[in-house]
Amino acid sequence: MESVEGGKLRFCIDRGGTFTDVYAEFPGRSEGRVMKLLSVDPANYDDAPVEGIRRILEEFTGEKIPRSSKVPTNKIEWVRMGTTVATNALLERKGERIALCVTRGFRDLLRIGNQARPNIFDLTVSKPTNLYEEIVEIDERVELVIDEANVSDSSDSIVQGVSGQLVRVVKPLNEEALRPLLKGLLNKGIRCLAVVLLHSYTYPNHETSVAKLAMSMGFKQVSLSSALTPMVRAVPRGFTACVDAYLTPVIKEYLRGFVSKFDEGMGQLNVLFMQSDGGLAPESRFSGHKAVLSGPAGGVVGYSQTLFGVETNKPLIGFDMGGTSTDVSRYAGSYEHVIETQISGAIIQAPQLEINTVAAGGGSKLKFQFGAFKVGPESVGAHPGPVCYRKGGDLAVTDANLILGYVIPDYFPSIFGPNEDQPLDVNATKIEFEKLAKQINIYRRNQDPASKDMTVEEIAQGFVNVANETMCRPIRQLTEMKGHETKNHALACFGGAGPQHACAIARSLGMKEVLIHRFCGILSAYGMGMADVVEEEQGPYSAVYGPESVLEASNREAALLNRVKRKLQLQGFQEENIRTETYLNLRYEGTDTAIMVKRPIDDGRSKGDYAFEFTRLFQQEYGFKLESRNIMICDVRVRGIGVTNILKPQALPPGSGTAKSVAQYTVYFGNGWHDTPLFKLEDLACGCVISGPAIIMNGNSTVIVEPSCKAVITKYGNIKIEIESIHKVVEVTKEVADVVQLSIFNHRFMGIAEQMGRTLQRTSISTNIKERLDFSCALFGPDAGLVANAPHVPVHLGAMSSTVRWQMKYWGDNLKEGDVLVTNHPCAGGSHLPDITVVTPVFDKGELVFFVASRGHHAEIGGITPGSMPPFSKSIWEEGAAMKAFKLVKEGIFQEEGISQLLLFPSSEQSGHKIPGTRRLQDNLSDLHAQIAANQRGISLIKELIEQYGLETVQSYMNHVQVNAEGAVRVMLKSVAAKISDSAKVEEDSLIIEEEDSMDDGSVIHLKLTIDRKRGEAFFDFSGTSPEVYGNWNAPEAVTAAAVIYCLRCLVDVDIPLNQGCLAPVKIYIPPGSFLSPSDKAAVVGGNVLTSQRITDVVLTAFQACACSQGCMNNLTFGDDTFGYYETIGGGCGAGPGWDGTSGVQCHMTNTRMTDPEIFEQRYPVLLHRFGLRENSGGAGFHRGGDGIVREIEFRRPVVVSILSERRVHAPRGLKGGKDGARGANYLVTKDKRKVYLGGKNTVEVKAGEILQILTPGGGGWGGSSN
């Protein structure tokens, strides 16, 4: 150990949500001092970190330090601290009062965000509240110059931005007009501002002027988006500014309070705080937007610096499982940073360690629901906590671990009960588990009278198994979506609860090695001492990658490097202790997927070339490279690191290698109780080998070494566990599902569908799939019954089952191993032509055993207009290439010529009428390859499952999960019937409700819903619906099925798997020839995006669940021969019996994202004048409907614009006396200032300077004033 200066102490502190951990180094001692305190204990102390320092100083000096006096600093060398103060303030919305200053026309920019809703099945559309109280719209505007070749040098309004782009100052900032607006904020007591002005990343002058004016007027905090994160994209930049303005005053106040508890020597102390990027910063530079991952970052630094390259050379997955959360990260020799993350609804754009919260930790709530074990995502929290905490809480994972003997009360702090001096309450936990056992066993006997009752410990073990699978599922996704094999890693396990689950998690993930640090319970605190001081600088730079731009980027790097070095030197670092890293943020032209590329070492291959490294990283992560695309530079970033080398791992003296246990306990390991020896880590010498089963107490952390595993104590006193994989054998119960395995298989099947989706997103090229997430992936049984569906877009829900069934019937016995099918025709189970489905049959020993399929929206498929969404199509062949059945891959060979012919030359049934084929063939082929790859990923994962459990078991549980979902829907239908019986017609055991709504052309959707309240069944009879229309809002039958399954899933309000079982208690009748079951010649492009929304409204109003939402997707396309653009625009959601409708959000059958305003203007010849909420467009009522959106777009060159929309004639209806929402409207403002109404569906050739105005509908209100 490096000598501690002059007999002084060093403190590393992690102030967590529940506990504060302190690690202190004493001079002359090889062992540090560890202390744990409650983070909040107002009866005993004001601040836990100060209390920890005070107690340890007393212990070290032998002198009493009264709490009322200042803490002396003469015995302290330095303090390093991570804190959750910022995180808690953000989660609990207890930050400073702030106002948002934004460019005029964009007051609702952050409220709308990317317009996607967080949970697609939540009818209330719950979104976190805004951080700001007031909004000031600033009358200023700059725009990017798109035609730089024709700019005259004499133009005073054109300047070069800091990114190198030319900008035109259209409207300079008027400070005198702004002053009274800011004064009004001060009068309301608001003294903190967040400022985001459009394109300030390249032209920050207006934001800087706002800051100068505001500070001169007395504002105490002004956070500028351009200063915090000078990167293109206004929405994340604006959120970041809000987070900083909201949290920085809270942090500063806390730090002032912390410093004030020490004597006058505190000013000379080295006090540093952990930032989200894993680097330390002095108090003066510790700000809100860099503080939210302060505590977890310490843990990543801790395990990476003490285990990687020391205990193993494998890449590490960090698994930090505490009482209230489980965090996962990865380390393979360098920190993995992300530039953008989302926490509690706020997007933060700043470099931060990639740490993902995947579960609620030991506090995950346990439930038995619909015949299956459920763990989380709800948490019992720290208060009241699990049952064993003696506070009247609910059963949680910690309780299950206590029952099994994984938690030893003798070694757990006695801090419970009214006087905080009692141990964990084992009896209370047993009593609650016995109650649950009765419920579970009654259910099992009802299913199978011969079933044997489950014991309490079997039930606890079942919940732990399900909890482990719940955590493994996102871990697999997070590693494999980046192109890494999970099984090739070692598991670095820490946190209070992590080591109890380590062996099981590692085995499930296929890992062979677990590493547990000797300070695993306080590793976040210990990591503070391993961290370096970091300073970062970043600047925008927009250019095509090439020799000239690389030279300019190098010049910018040099200037930024000088700045970070100067900052570190001012903190006392010498040149030899400063390391630097430089990065370029690069992307392919035409894509939005940027990678922050670190300057590569010249190893002969890369020659230090950023482009070579970018191409390598892109191919590793996405599986392909774009040979003919320019690489674009977006940003230059530098990172200066002041190397501290403070804490060093201490080697243990060599020992005898024999381990002596200190106690014996009985522990349950799946197949029964085992006598298990308990060892204390401090008693174990280097080289000790302990065979499982065993317990190793590591401070307050319990390390469980499972049977057939082996623990070795390493040179540095850490624990390395070698995992022996065990082939699981699950009993096959064809008739009745095992209640534990049912939950595990649900997770495994959904995990497969989700990983298929990750692969598709990763390997696709188009914006629609990669960025707007307009795709779905699914897994089907051998009968084509849907087993698991991972949807991003609800309109795909369950719809692929009919596609697979049609293909199965069509091809019959003519399917061979290595075949891959492609289809998009509505009569073959498709939705509309842009949605292409790729189906792969899977064989085992020559027998067809299941199917996998992926559906993605292709931006171009041919047809009469670019973008393949023609507003006026009257026949299917006008909408592009239509494919009923084709072998895309035939016995392993990709049929490129055949698929190209189908896409390039769509057949028209009108002789002599030629329909244009796809305008983007290479993009189509690339995305089809991505869909094949996604299917292949699903196949390999299911084959792993078959290898683990056997084909018979896997197919058996494919059926069981469907039966389970069926049961959940039956319970829901009975429950709904009870709620709505007062307003429905009753016939014996059935309730009958009739609903209808009209499309804007007058065609009617009529539904007669009959619910059998005894059997829990529903009959959706659409008799009376209008015939096929001479337009394109005909909807294939699959669309109606998707709308029904979506509504049922929303009404169940429980996370049940989406599979064929959901429709088992449901019958749907659609009259043939109606516009919900049109002929195979009918145009259908609008049915998927318009009619689907209206069907949903009709179904939900029949169930009286909520008022009508906007009932439309507001499809906008524009382009010319060189480009095409497509977006769907959100609107107002319908209000419900307990909530107001949400404003400005995607409703029901879509959830695609909106392009950021700055990207929109940078990539396309447009100016966005307004993007905000359409005030008072939501219907009035006891609960108001949500407001629609106003979007005003000026076109800067001639383009063809198409709008495909609904609810321009018939308004979204209110419910239970609530008023209707406002109808939508579409206008064109011509160059001569005429305002022309375009109707709901139109195509128009727009001139440069003309403006499109789209007003989307509001949602209906719920309840009259009497409610």
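The following questions and answers walk through a predicted model.

Local features here need pLDDT of at least 70, side-chain atom pairs count only at pLDDT 80 or more, and totals for chains, interfaces and linings use all residues. Residues are numbered from 1 along each chain as its sequence is written, and side-chain values use heavy atoms, with hydrogens and water left out.

Trainee: In what order do the three strands of the open sheet with S7, S8 and S9 stand?

Mentor: Strands are DSSP runs of E, at least two residues long, and helices are runs of H or I, at least four, numbered from the N terminus. Two strands pair if DSSP finds at least two bridges between them. In this sheet the pairing is antiparallel, and the order is S7-S9-S8.

Trainee: Which strands are the edge strands there?

Mentor: An edge strand pairs on one side only. From one strand to the next, the twist averages 35 degrees; axes are lines fitted to C-alpha atoms, for helices over the stretch in contact, and angles run from 0 to 180 degrees between N-to-C directions. The edge strands are S7 (141-144) and S8 (158-160).

Trainee: Which residue in S9 is the bridge partner of Glu143?

Mentor: S7 and S9 run antiparallel, joined by four bridges. S8 is joined to S9 (residues 166-171) by three bridges, and there Val159 has Val167 as its partner. For Glu143, the partner in S9 is Arg168.

Trainee: Which residue in the turn of the S8 and S9 hairpin has a positive phi?

Mentor: Five residues lie between the two strands of this hairpin. The phi in question is about 95 degrees, and the residue is Gly164.

Trainee: Is Ser304 buried or exposed?

Mentor: Ser304 sits in helix H8 (residues 294-307). Buried means under 20% relative accessible area, exposed over 50%, and partly exposed in between, with a 1.4 Å probe and protein chains only. Ser304 has 2% relative accessibility, so it counts as buried.

Trainee: Which residues is Ser304 in contact with, leaving aside neighbours within four places in sequence?

Mentor: Start with the polar contacts: pairs of N or O atoms within 3.5 Å, where within protein one must be able to donate a hydrogen and the other to accept it, and residues adjacent in sequence count only if both atoms are side-chain atoms. A polar side-chain atom of Ser304 lies 2.8 Å from the backbone oxygen of Val300, and the side chains of Ser304 and Gln305 make a polar contact of 3.3 Å. Contact in general means heavy atoms within 4.5 Å. Beyond the sequence neighbours, the residues are Tyr331 and Tyr335.

Trainee: Which backbone nitrogen does the side chain of Asn585 reach?

Mentor: Asn585 lies in strand S24 (residues 578-588), and at 6% relative accessibility it counts as buried. At 3.5 Å, its side chain reaches the backbone nitrogen of Met596.

Trainee: How many residues apart in sequence are the parts that the pair of Phe1118 and Tyr1164 ties together?

Mentor: Rings of Phe, Tyr and Trp (its six-membered ring) pair if their centres lie within 6.5 Å; planes under 30 degrees apart count as stacked, over 60 as edge-to-face and the rest as tilted. Phe1118 and Tyr1164 are 6.4 Å apart centre to centre, with 85 degrees between the planes, and form an edge-to-face pair. Phe1118 is buried at 3% relative accessibility, and Tyr1164 is buried too, at 18%. Because Phe1118 lies in strand S46 (residues 1115-1119) and Tyr1164 in the loop between helix H24 (1157-1163) and strand S48 (1166-1174), the parts tied together are 46 residues apart.

Trainee: Over which ring does the charged end of Arg1191 sit?

Mentor: A charge sits over a ring if NZ of Lys or CZ of Arg is within 6 Å of the ring centre and within 35 degrees of the ring normal. The ring asked for belongs to a cluster linked by ring pairs, with Phe1118 and Tyr1164 among its members. The charged end of Arg1191 is 4.9 Å from the ring centre of Phe1160.

Trainee: Which strands does helix H22 touch where it packs on the sheet?

Mentor: Five strands form this open sheet, in the order S41-S42-S43-S44-S45, with mixed pairing. S41 (985-987) and S45 (1066-1069) each have a single partner strand, so one side of each is left without a neighbour in the sheet. The direction of H22 (residues 1037-1052) makes about 145 degrees with that of S45, and the strands touched are S44 (1017-1021) and S45.
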